[in-house]
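Have the model open as you read.

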Amino acid sequence: MVMRWDAFLAAVQERGEYSAPHEAERAVRVVLALLGAHVVGTERAQLAARLPESCALVLLDPLPAAEPLTPERFVRATAAWIDGATDETAQWDVGAVLSVVADAAGEELTRRILLQLPPGYDLLFGRPQPT
């Protein structure tokens, strides 16, 4: 089932403890654009199908990344795209967005997405895996 935009944004706003919807929306757009460059194939298409249309368009727009980013570099890249962000605030932004993405995706699709990403992304998605 596709999550509605207002529900998706409200969930990100709540988890990120943002004071205004535009703060949550900014985080959503940056994080999904970066994620879209790193998730490919069927998993990217299936994830897009479960997200609100505006989120799906952001996710599907980027070209695939030349190399995968480690979770730390993903957070730093997020910080670079958000005015005034630090690595710490970007970590918060990434966690807020990706945990809602994981909820929308469901456990099976989230597991397959995590298989495409370097180790450590499970924590960013709020789905720690046993070691």
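**A pair of rings, and the fold around it**

The model you are looking at is predicted. A search for rings of Phe, Tyr and Trp whose centres lie within 6.5 Å brings the count to one aromatic pair. The partners are phenylalanine 74 and tyrosine 121, with ring centres 5.5 Å apart and ring planes at 75°. Planes over 60 degrees apart count as edge-to-face, so this pair is edge-to-face.

Where do phenylalanine 74 and tyrosine 121 lie? Phenylalanine 74 belongs to helix α5, which covers residues 71-81, while tyrosine 121 belongs to helix α8, which covers residues 121-124. The pair therefore ties together parts that are 47 residues apart in sequence.

Next, consider how covered the two residues are. The cut-off for buried is under 20% relative accessible area. Phenylalanine 74 has 0% relative accessibility, so it counts as buried. Tyrosine 121 is also at 0% relative accessibility and therefore counts as buried.

Now zoom out to the whole chain. How many helices and strands does the protein have? There are eight helices and zero strands, and from the N terminus on the elements read α-α-α-α-α-α-α-α. The radius of gyration is 13 Å, close to the 14 Å that the globule rule gives for 131 residues, so the protein is as compact as a globular protein of that length. Along the principal axes, the C-alpha atoms fill a box of roughly 35 × 30 × 30 Å.

Among contacts with a separation of 6 or more, 68% are between residues 24 or more positions apart. Of the 131 residues, 47% are buried. As for the surface, the protein exposes about 6900 Å², and carbon and sulfur atoms supply 58% of that area.

Glutamate 43 sits in helix α3, which spans residues 41-50. Is glutamate 43 buried or exposed? Its relative accessibility is 16%, and because the cut-off for buried is under 20%, glutamate 43 counts as buried. Leaving aside residues up to four places away in sequence, glutamate 43 touches Leu109, Arg112, Ile113 and Gln116.

Key: Residues numbered from 1 in each chain as written. Predicted model: local features only at pLDDT ≥ 70, side-chain atom pairs only at ≥ 80, totals over all residues. Heavy atoms only, no water. Phe/Tyr/Trp six-rings, centres within 6.5 Å; stacked < 30°, edge-to-face > 60°. Helix = DSSP H or I, 4+ residues; strand = E, 2+ residues; numbered from the N terminus. Buried < 20%, exposed > 50% of the residue type's maximum accessible area, 1.4 Å probe, protein only. Rg over C-alpha atoms; globule rule 2.2 N^0.38 Å. Contact = heavy atoms within 4.5 Å. Areas by Shrake-Rupley, 256 points an atom, 1.4 Å probe, with all protein chains shown as cover.
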